Amino acid sequence: MNMQQFWRRRPNASALMLLAIVVGTLPLWVKSSYLISTGIFVGISAILTLGLCLLLGYAGQISLGHAAFYGIGAYTSAILTVKSGLNPWLAILIGIIVTASAAYLIGLFIFRLSGHYLAVATLGLGIIVYLAFGEFGELTGGPTGLPGVPRLAVGGFVFDGDVEYFYLVWSVVIVFLVLSLNVVNSRVGRALRAIHGSEAAADSVGIDSSRHKLQVLVMSVVFASVAGSLYVHYMRFVSPQPFGFTASVRLVVMAAVGGLASVWGALFGAAAVILLTVVLREFLPLVVPDASGEHTVIVYGIILVVIMVLMPEGLTVGLLKSIRWPSFKSKT
Amino acid sequence: MAILQVENLTKTFGGIVALDDVSFEVADHRITALIGPNGAGKTTLFNVVAGTYGPTRGAVRLAGQNLNGLRAPDRVQLGSGRTFQNALHFDNMTEIENVMVGRHPRSRCGILSSAFQLPSKRREEESIFLEAMRYLNLVGLAMDSNELAAGLPFGQRRLVAVARALATEPRLLLLDEPAAGLNTMEKTDLVVLIRRIQEMGITVLLVEHDMALVMQLAEWIIVLDHGRKIAEGTAEQVGKDRKVVAAYLGQEAP
């Protein structure tokens, strides 16, 4: 079997190998610590977007408060390691449990809603959690945040350099990518897409919609929680700012840019939006002298509208379709 | 033996009485048709039987078991399958995937065994695929199983919906206007298909406006009008019934 045949027969396995090679060799020829650090943020965002794609793209359930779960993971890790001196890995595990339980309880109530109502409810929840991070100062360090989060270490090996952390984050990305691909191409994945298509029709083939929605929400927030933990152990500091409404919107933009119902798109979406942010940070002040974070949100909004109008299936699918690419045409 | 018993079923929406004290039985293995003018309550009855919504009064029994209070997915588990008037709802999936979804109530792999690709999942996926192919074959659609459902011609979408419902292994299959929008050739094929479904031991209850098809196929006919059952019997009996004729021609019954 030559390479082309293998690619056609096992596209996901091939793409995973390609990704592993690219990510594995990247730090060998990219020496800029700024770019490696950007790569770490792309990885963390990719984990978040992956989770959101499962929920939004496959099951069709909107969350405009997803950054809250990212924040709960981040704060659980930070508080337990800083205030209680707990082992960071154990703290990550507890973060997962806390986030998943919170999502489960919220899901029990919130999935009685759908469409715009669900969007508004998740939006509200996101804002409540964000405010809570700032208000419970005793625990969270308030608006100024909580410094002194330790580095992650395995035995004697400490992830203290950016390159080491880059490898750690991207290993997690690849593991979660594999898990997501497995779920998408399974009985559960089909059930999620069926729910997205029509709940009445899903009912008619015996799919328990509420159960599957809860499950995918929990899976999605587990990803978010791990991303949050990875974030605080990299920054070694936590404050409410990265977990607000803007962050939630940014995640939706990443998912939409990548193509909502596409696991691989999550990766491209995260990379595209982060690289855009980097570019905006450099060039926006040249156009608008006193540009701030708020201005980038405007640009996100414009991008989201343009993509939804021109390429409703997302940038990845949209571009692939516009290129005449014989191997992507369906066999007849 | 009756596979389905509908007992004094009443369904009101606000002030509107959609079903008014309807009772009938569907005998096992007999193709039964539910007919009536527009607005007679046929689809409402289907929805109550399938569990889309509960009845205001009365009961629905499947093989003797009271279905009241059971949600739609649980009823599918018990062996009640259905198709919808406007056929297919999963346009984001291929033909074969649409039918594979139908295997949902007869398979078990959960989110964890799927995520970690346990051996049980691989085995089950394979059998889901093979079973789905079998049902696609049965309706005569195995040729282009990897086409996206959205791109299929209307007649084929219908058939995919039937294959999907069959894949849930129903004992009772509710077909809501299966012939609507089909051409003469497709209707002939549909008659053959429904007879074959009957031979598989599945009881078919269909709502249909095409009288020629109903007369040809149905061994028992139930007539609804304004939410009430006005007649039931064989095609011959129902065709002679004055109330039925009046309902269809819009005359006052003398």
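This is a predicted model: local features need pLDDT of at least 70, side-chain atom pairs count only at pLDDT 80 or more; totals for chains, interfaces and linings use all residues.
**Who pairs with E3(B)**

- E3(B) and E8(B) run parallel and are joined by 3 bridges.
- Within that pairing, Thr32(B) sits opposite Leu205(B) of E8(B).
- E3(B) also runs parallel to E9(B), this time with 4 bridges.
- Here Leu34(B) has Ile222(B) in E9(B) as its bridge partner.
- As background, strands of a sheet pair through backbone hydrogen bonds, and they can do so either parallel or antiparallel.

**The whole sheet in chain B**

- Which strands make up the sheet, and in what order? Reading across, you get E6-E7-E8-E3-E9-E10 of chain B, an open sheet of 6 strands with mixed pairing.
- Strand E7 (residues 172-176) of chain B runs parallel to strand E8 (residues 203-207) of chain B, and 5 bridges join them.
- One of the residues in this pairing is Leu173(B), whose bridge partner in E8(B) is Val204(B).
- Helix H10 (residues 242-249) of chain B packs on the sheet, where it touches strands E9 (220-225) and E10 of chain B. The direction of this helix makes about 125° with that of E10(B).

**Where the two chains meet**

- The contact involves 25 residues of chain A and 32 residues of chain B.
- On chain A's side, the elements giving two or more residues are helices H8 (162-184), H9 (187-197), H10 (199-204) and H11 (209-235) of chain A.
- H9(A) gives the most, with 8 residues.
- Sorted by type, the chain A side has 11 nonpolar, 9 polar and 5 charged residues.

**Chain A as a whole**

- Chain A has 15 helices and 4 strands.
- Its radius of gyration is 20 Å, close to the 20 Å that the globule rule gives for 332 residues, so chain A is as compact as a globular protein of that length.
- Its C-alpha atoms fill a box of roughly 60 × 50 × 50 Å along the principal axes.
- Of its 332 residues, 47% count as buried.

Note on methods:
Residues are numbered from 1 along each chain as its sequence is written. Chains are lettered from A and ligands numbered from 1 in the order in which they are written. Two strands pair if DSSP finds at least two bridges between them. Two residues are in contact if their C-beta atoms, placed from the backbone, lie within 7 Å. Axes are lines fitted to C-alpha atoms, for helices over the stretch in contact, and angles run from 0 to 180 degrees between N-to-C directions. Ala, Val, Leu, Ile, Met, Phe, Trp, Tyr, Cys and Pro count as nonpolar, Asp, Glu, Lys and Arg as charged, and the others, Gly among them, as polar. The radius of gyration is taken over C-alpha atoms; the globule rule is 2.2 Å times the number of residues to the power 0.38. A residue is buried if 20 or more other C-beta atoms lie within 10 Å of its own, exposed if 12 or fewer, and partly exposed in between; C-beta atoms are placed from the backbone.
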